[in-house]
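Walk me through this model, chain by chain.

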Amino acid sequence: MNCRECRKLLVSHLEGVLFQQEEALVAQHLDGCPECRNELKAIAALRDRLLRGGQRAKAAGFPASVMSKIPLEKDFRKAKEKNMFQRHPLRFSMATAAVVAVVVGLFLMFNKRAYALDDTLKANEHITSLHFLNEMPGSLKVDANGKLTYEMVRSLSEGWAEYGEKGELLRLRIEFPFTEDGAKVVVWQEGKATVWFKDKKGLAVVPQPSMERKVGELRQSFDPKLAMERLKEAESKKKVQITTQEVPEWEQMLPIVLIAQWSEPADLREVYLVDRKTNLVQQIETFTAKGGSTAFTGRKRFLDYNQPIPASVFTLNPPGDILRVDETTQKIGLEKGTLSDNEIAQKVAQEFFEALIAKDYTKAGQLYSGVPGPKMEEMLAKTDWRFLRIVSVGQPVPMEIPGVGGVRVPCEVEMETGEGKIVRPFKLAIRAVYNQPDRWEIHGGF
Amino acid sequence: MLNTDSECVQRCLDGHPEAFEQLVARYHAPLIGFICGRLRDREAAEEVAQEAFVRSYAALASLRKPESYYAWLFGFADRVAKEHLSEKVRAKHGVVIAQKETRREEPSHDFDLDQAIANLPAPYREVVLLRYYSEMSCVEVAERLDVPLGTVTKRLSRAHEMLRKSLRTVDEPLEHREARP
């Protein structure tokens, strides 16, 4: 064996695939040839480098990661039928082929199982629980370093809902980080609603009848069932035009995109993302068209469907020193009856100061957001005020802070203070009790 | 139990997607190595490889020769790698990726080797990746490619020669290269 013949076999020698006879000849040649031994070393070094390269290229968890991304439910049967047809060995005349193509086309067109809104309505029937987020466009903010930042979205509310077997709402918790009352948490279950005013440090238990209506309103803002039913109804009334965006075959793991262009209300556009596997809505974004440009106005996100929600989510644990008002056992404010908003507001202001002059703290507290009498007395003891006489209860003006509702009632009261007798002005903020439009109370301005 | 590529493909088509995992386990290392050679970016290579697998799965019904899944998969990888390199695709997906000033080259990764393999003519590249990246023996490679063992060893020998040549060019300092006639 010469060097040229030997070198041709060196890779096979290292791979251990030479026949015995060849192997013996190679070994014999290598024994007596330092050049070929050097060549063998060089090949072995590259072989090691290749094996190391192979080891490095392996990625732990890679197969699992790929498997999590492939559309497992993909039905290949239709594609196979189509391919079988294409590959059929029979040769058709051009005319026959054209006819067959039309027939097959029609068959595929009518046989194609495209997504329809009803799929989501059906899937919605089986929702047992839900975790959702409502967001609105963010705004420019100045951070601690004086730097301008832009937050893309701002959370309006986050919530958890549990449904019964017939799709009825069983339990609900919604957190509102920013409201006119500051941060607020509402928990509703067993017909009883508890509202925790986190910033105002108050907890109110709200009676059932008024709350049912409120929960109904809240549901409109988060319930994907209602959202899809509304869309379906609007579609049948031709108030909205829905288009489904096609995605390429290989992007079948992406959600279905529905674009709903409303004609009533005009200029409203909604983009729905629907999970291809479950047919459940993942996200609804709303936009309005303003003078040729489209503005993002809000987004609802449905994070977890049908996941068990721990009972603790529906239990509020406010700090012990919080002001607790149980509106189911205690009447708050005054009944409005047939009075106008301004009349009831003036009546509440009038009776509030009368109670303070009479030192009836229970009555005053009842009018002042249901604060218990002793607490009311304690609050006033910290001042050196003594109420003597109502000078005037003025004409109510609309509340200047948007979203708060109710009115402000300007009042003047004569009182004894450390500085002697003075007439002091108040601007009591008065509005309907939370969820009880027939009862009015003072909620500030005192 | 390990199935052949054909069997895996057939099982996927029959509604057993889990069979696809065998193909991924079998070919991800050669695929990542191959793409690393193209992109010189390990992280991007994994993303591209993943995308190539997913696309190949979605198009599985159109694979005419299930026994050639491996070569077919590389076709997808080639396309995705090209897309990755094109700004057009980035714009299409609305993702603005800042231009990297220098390519990220982790010292631990032998990009020169991967690149040299990627530049081999396809028949040679195939045996190298199957033998060293998929950890198949020469006999298994011959079975997989349905060629005689001698063909595999000849290709492997020739591939070694070509790799040594291209790696020598890369590894040698510049002045030596210039001094060569």
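Predicted model: local features only at pLDDT ≥ 70, side-chain atom pairs only at ≥ 80, totals over all residues.

Residues are numbered from 1 along each chain as its sequence is written, chains are lettered from A and ligands numbered from 1 in the order in which they are written, and side-chain values use heavy atoms, with hydrogens and water left out.

Take chain A. It holds 12 helices and 20 strands. Helices (H or I, at least four residues) and strands (E, at least two) are DSSP runs, numbered from the N terminus. Of its 446 residues, 40% are buried. Buried means under 20% relative accessible area, exposed means over 50%, and partly exposed lies in between (1.4 Å probe, protein chains only). Chain A exposes about 25,200 Å², and carbon and sulfur atoms supply 54% of that. Accessible areas come from the Shrake-Rupley method with a 1.4 Å probe; for residues, only the protein chains shown count as cover. Now look at contacts (heavy atoms within 4.5 Å). Among those in chain A between residues at least 6 apart in sequence, 49% join residues at least 24 apart.

Chain B has 10 helices and zero strands. Its pattern along the sequence is α-α-α-α-α-α-α-α-α-α. Of its 181 residues, 49% count as buried. Chain B exposes about 9,200 Å², with 52% supplied by carbon and sulfur atoms. For contacts in chain B with a separation of 6 or more, residues 24 or more positions apart account for 60%.

Next come the charges. Over all chains, the structure has 30 salt bridges. A salt bridge is a side-chain nitrogen of Lys or Arg within 4 Å of a carboxyl oxygen of Asp or Glu. One of them joins Arg131(B) to Glu15(A), with the closest N and O atoms 2.6 Å apart. This pair crosses between chains, from helix 7 (residues 122–133) of chain B to helix 1 (residues 3–15) of chain A. Both Arg131(B) and Glu15(A) are buried.

Other bridges stay within a chain. Asp341(A) meets Lys336(A) at 2.7 Å, N to O. Asp341(A) is partly exposed, at 36% relative accessible area. Arg158(B) pairs with Glu161(B) at 3.2 Å, N to O. Both lie in helix 9 (residues 149–171) of chain B, three residues apart, about one turn of the helix. An α-helix has 3.6 residues a turn, so residues three or four places apart point the same way. Arg158(B) is partly exposed, at 38%. A network of salt bridges links Glu135(A), Glu285(A), Arg299(A) and Arg301(A).

Which residues of helix 4 (residues 62–69) of chain A are buried? They are Phe62(A), Pro63(A), Val66(A) and Met67(A). Their arc around the axis is only 135°, which puts them on the same side of helix 4 of chain A. The arc is that of the directions from the helix axis to the C-beta atoms. These buried residues pack against helix 2 (20–39) and helix 3 (42–58) of chain B.

Finally, the second largest pocket. It is lined by 40 residues, of which Asp181(A), Lys184(A), Phe197(A), Arg431(A) and Tyr434(A) lie nearest its centre. On a 1 Å grid over the protein atoms alone, a pocket is an open set of points where a 1.4 Å probe fits, with protein on both sides within 12 Å along at least five of seven lines; lining residues have an atom within 4 Å of a point. Helix 8 of chain A gives the most to this lining, with six residues.
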